Structure formats: C-alpha cells, structure tokens
Amino acid sequence: MLESLEKMLAKGVDNSLLRFGLGKGYLDLKDNAKAAEHLQRCVEFDPKYSAAWKLLGKAHQAQGDSASARQAWEKGIEAALAHGDKQAEKRDGSVPEKTRPPGLKQSPVGAGLPAMAAPRSIS
C-alpha cells in the first residue's frame with residue numbers, strides 16, 4: 001500500500017488524506033522519522049485533522065521528542081474540540097500510558113491534557 005501512495009505523491013498528488021495514509025503506514029513500520037514528516041505535512045494541509053495530530057504525537061514520542069509529542073497532542077485536542085468532535089467530548093482527554101511522554105502523569109478526568117509530573121522536593 002505504501003508503494004502505491006508514494007507513487008501517487010511522486011506524480012504530484014498531494015493532500016491531507018494521502019499524507020495521513022503515508023504517515024500511518026510508516027508509523028506502523030516503525031519508521032518514525034518518515035511518519036512524522038508525512039503527518040506534519042498532513043496537519044499543514046488540514047490543521048483540524050485531529051487523528052493526524054494524535055499520530056504525529058506518537059511519531060515524535062517514538063523518536064524520543066516528548067516536547068513535540070505533547071505539543072502535537074495538545075493541538076489535536078484543540079482541533080477536535082474546536083470542530084465539535086463528539087468522540088473528543090466523550091473521552092476524558094487523557095493520553096494513553098504507552099504513548100505518554102516520560103515524566104508525565106495522567107491528567108485528571110476531563111482535563112484534556114496530560115499533567116506534568118511534580119518536581120521532587122529537596123529536603
């Protein structure tokens with residue numbers, strides 16, 4: 001499937017759906033750098049594409065870039081809520097533990113974003 005999508009891109013077809021397919025395909029293959037590249041182009045085409053923001057966050061997380069992952073997830077939540085995504089309203093807004101950036105604790109239900117871990121106190 002990726003081969004046919006890459007051929008379409010080479011022929012000049014370029015849109016959010018094509019870039020999402022490429023990004024998801026590369027993410028599934030664990031080629032996180034290529035996945036992030038395509039998913040970034042996807043959200044540039046359509047900033048309201050909340051599923052693309054979610055996968056972009058996963059691609060960044062897999063590359064060890066927790067800050068970019070969090071930023072992508074935040075933008076995805078904003079995009080989903082801004083255009084009335086009913087699934088986003090039903091979810092508690094939490095980031096699954098396996099995709100949560102290191103050092104982040106789960107946010108309270110309904111908060112919409114993961115909470116940063118509190119710094120340790122020095123006694």
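Predicted model: local features only at pLDDT ≥ 70, side-chain atom pairs only at ≥ 80, totals over all residues.

I started with burial: of the protein's 123 residues, 39% count as buried. For my own reference, buried means under 20% relative accessible area, exposed means over 50%, and partly exposed is in between (1.4 Å probe, protein chains only).

Residues are numbered from 1 along each chain as its sequence is written, and side-chain values use heavy atoms, with hydrogens and water left out.

Next I looked up the surface. The protein exposes about 7600 Å², and 55% of that comes from carbon and sulfur atoms. These areas come from the Shrake-Rupley method with a 1.4 Å probe; for residues, only the protein chains shown count as cover.

Then the layout. I found six helices and two strands, in the order α-α-α-α-α-α-β-β from the N terminus. Helices (H or I, at least four residues) and strands (E, at least two) are DSSP runs, numbered from the N terminus.

Which residues of H3 are buried? I got Asn32, Ala35, Ala36, His38, Leu39, Cys42 and Val43. They pack against helix H1 (2-10), helix H2 (16-28) and helix H4 (50-62).

On to the largest nonpolar core, which has 21 residues. Such a core is a set of buried Ala, Val, Leu, Ile, Met, Phe, Trp, Tyr and Cys residues joined through side-chain atoms within 4.5 Å. Leu39 is among the residues with the most contacts inside this core, and so are Phe20 and Trp53.

Not counting residues up to four places away in sequence, Leu39 touches Arg19, Phe20, Gly23, Lys24, Ala52, Leu55 and Leu56. Contact here means heavy atoms within 4.5 Å.

Last, two single residues. Ser16 lies in helix H2 and counts as buried, at 18% relative accessibility. Leaving aside neighbours within four places in sequence, Ser16 is in contact with Cys42, Phe45, Asp46 and Tyr49. Met1, in the segment before H1, is exposed, with a relative accessible area of 72%.
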